Amino acid sequence: QKELLQRERLATVGHLSAQITHELRNPLTSIGLNSELLMEELDEGHVPDDTLGRARPLLESITKEVERLREITEEYLRFARLPRPERVSVDLNRVAAELVEFVRSEMEQAGARVRVDPDPSARPARVDPNQVRAALLNLVRNAREAVADGGHVVVRVRTLGDRAAVTVEDDGPGLPPELIDRIFEPFFTTKPQGTGLGLPMVRKIAQAQNGDVRVASHPGKGTQ
């Protein structure tokens, strides 16, 4: 019953997210386009220099915020319309390695170290590689935010019987026990500008491929 209730809530959230995104997309596109046109007018010198100096920072701020809002609406839409997974035979070691190389630069800039701990058996798994990559990217970036300078993040791949497990582990401060039961709730977030859809999306991806996601955290010792 608890699982059924959770699925019904996610379906409702997905429907609302799609509606919200549809309503926001057009005005955001219009605001962004008109801001860009105004900036072009400024660049071509069609306004006095004193106006140019005042207007450009404002327009740059507008376009920056429009882009941020566009990213948020796209995240809502991805959550609402997660496509049916196209499951194929995939080397999860390779998926993990490619992902780590993709994020290595941003991890190093944040002062975090990241590595892969591959599955020695290297057995393939039937999953949608693009969706798995999206889920892992979300988890790795969450881990990056959790670790302080010099922290470590490990992406570990293992075979457990006839199932595969991919773990993202960090040595950050861990989660307070009262938050663990809430982090997969849609819209729940502890980040100032978070949408609260990242971890629910991870769970949705896992369940769509006959899997699940779990969290274990110990204050002062990290999260996995």
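Start by selecting H4 and helix H6 (residues 198-208): their axes come within 9 Å and cross at roughly 145°. Axes here are lines fitted to C-alpha atoms, for helices over the stretch in contact, with angles running from 0 to 180 degrees between N-to-C directions. The helix and strand names come from DSSP runs (helices are H or I, at least four residues; strands are E, at least two), numbered from the N terminus.

Before you go on, note that this is a predicted model, where local features need pLDDT of at least 70 and side-chain atom pairs count only at pLDDT 80 or more, while totals for chains, interfaces and linings use all residues. Residues are numbered from 1 along each chain as its sequence is written, and side-chain values use heavy atoms, leaving out hydrogens and water.

Back to the pair: H4 and H6 cross in a left-handed way. Left-handed is when the near helix is turned anticlockwise from the far one by less than a right angle, and right-handed is when it is turned clockwise. Now show the side chains in the contact (heavy atoms within 4.5 Å): on H4 pick Gln131, Val132, Ala134, Ala135, Asn138, Leu139 and Asn142, and on H6 pick Gly198, Leu199, Val202 and Ile205. Colour them by class and you get seven nonpolar, four polar and no charged residues. For that colouring, Ala, Val, Leu, Ile, Met, Phe, Trp, Tyr, Cys and Pro are nonpolar, Asp, Glu, Lys and Arg are charged, and the others, Gly among them, are polar.

The contact of H3 with H4 has 10 nonpolar, no polar and four charged residues.

Last stop: which residues line the largest cavity? Select Asp91, Leu92, Asn93, Asp119, Ala122, Arg123, Val157, Arg158, Thr159 and Ala164. Strand E4 (152-160) gives the most to this lining, with three residues.

Technical notes: On a 1 Å grid over the protein atoms alone, a cavity is a set of points where a 1.4 Å probe fits but cannot get out, and a pocket is an open set with protein on both sides within 12 Å along at least five of seven lines; lining residues have an atom within 4 Å of a point.
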